[in-house]
Amino acid sequence: MDIETLLKNTSRSLYLSVQALPGSMRPAFGIAYLLCRYADTIADTSILPAQRRLYWIERFPHLLQEQNLQEAAQLASEICGGSENPYEKELIKNLPPCLQVLNQVPAEQLPIIMDVVQAVCDGMKIDLTTFPEEHSAQLRSLQTPADLQHYCRLMGGKPGLFWSRLICATAKIKMPEADFYELGQHIGDALQIVNILRDLPKDLRIGRCYFPQQDLTEAGLTAADLLAPENSARFEPVKRKWILWGVNNLKSAVRYFAQLPKTQPGGRAAVAWPVLWTADTLLKVWQTPDLLNPQKRVKIPRSVIYSTMLLTPPILVSNGLFNKWITAKLRKFN
């Protein structure tokens, strides 16, 4: 299976964004996503004990750098059969082609890719060392708001930094790069808290509560209380706190988007779409009264995804129109 098909099958919405990117950015972004997704498959496989998964997560960035095909084959053989997702099964089998694509990336983009893979692996180490084994019938939470913010920075903010560094390597940005990078990390933080919010019921049932015990205690809750859907109303203050944290981070998109050259409309679209979809998903979570219900998966419909894309052309030439669009969405949380 070719790399483009792997990308399309593992994340359709991200695939749409990648297709809009300038050609100079597309290979690096696509392969970075697939390698991070491969690491995620290692961390989540249920056929290996946590300690063995931790070993492979720590080894994974080195494996990519050393290009050890024998070790890559060993990894694939150990996690093969650990996913029920047919597309993840294909990804597991296709690490050598991914390495070949990695080798073809321009030399100046390679450190950017390795940095984001390392950051995501560091986030997965938190999963494997903080939380119990998935089938242990135990449940543990992060302890403080700072712990959750740090996790979001590794799993979302650092990919946002990767995206920003890639943009700066292929386009001229007027503001200082350090400022642009920080805005990109804020946007990434917002994208990650969305994932945590909508995956809450599923994560709880494998022993993981990312919402800090400090916040739960203030709401009169324990992590175990979140397993009961009828406690959704009691969880509302915690839910709304972290949605607003995500909204505040997403506001960085206004200044960020204004820096993107209008001569690269595809790059502007690839930034605008995830930001707008994240705002829509945050609102959907905000309006969901029973977020703890494991039967309910919060997800924006495909019609919203495609209608956003259809309405995009005017903002590709107007920062003001993008500002109005995202501001109108975020104003709904006031």
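This is a predicted model: local features need pLDDT of at least 70, side-chain atom pairs count only at pLDDT 80 or more; totals for chains, interfaces and linings use all residues.
Which residues in α3 meet which residues in α7? Residues are numbered from 1 along each chain as its sequence is written, and side-chain values use heavy atoms, with hydrogens and water left out.

**View 1. Helix α3 against helix α7.** Ile-31, Leu-34, Leu-35 and Tyr-38 in α3 meet Leu-95, Cys-98, Val-101 and Leu-102 in α7 (contact means heavy atoms within 4.5 Å; helices are DSSP runs of H or I, at least four residues, numbered from the N terminus). By class, this contact has 8 nonpolar, no polar and no charged residues (nonpolar: Ala, Val, Leu, Ile, Met, Phe, Trp, Tyr, Cys and Pro; charged: Asp, Glu, Lys and Arg; polar: the others, Gly among them). The axes of α3 (residues 26-44) and α7 (residues 95-104) come within 10 Å and cross at roughly 145°. Axes are lines fitted to C-alpha atoms, for helices over the stretch in contact, and angles run from 0 to 180 degrees between N-to-C directions.

View 2. Of the 19 residues of α3, 15 are buried, so the helix is largely enclosed by the rest of the structure (buried: under 20% relative accessible area, 1.4 Å probe, protein chains only).

**View 3. Aromatic rings of Phe-29 and Trp-163.** The structure holds 12 aromatic pairs (rings of Phe, Tyr and Trp, its six-membered ring, with centres within 6.5 Å; planes under 30 degrees apart are stacked, over 60 edge-to-face, the rest tilted). In the pair of Phe-29 and Trp-163, the ring centres are 4.5 Å apart and the planes stand at 90°, so the pair is edge-to-face. Phe-29 lies in α3 and Trp-163 in α9 (residues 145-170), so the pair ties together parts 134 residues apart in sequence. Phe-29 is buried at 10% relative accessible area. Trp-163 is buried at 12%.

**View 4. Phe-257 and its contacts.** Phe-257 lies in helix α14 (residues 252-258). Its relative accessible area is 0%. Not counting residues up to four places away in sequence, Phe-257 touches Arg-268, Val-271, Ala-272, Ile-315, Asn-319 and Phe-322.

Technical notes: Helices (H or I, at least four residues) and strands (E, at least two) are DSSP runs, numbered from the N terminus. Buried means under 20% relative accessible area, exposed over 50%, partly exposed in between (1.4 Å probe, protein chains only).
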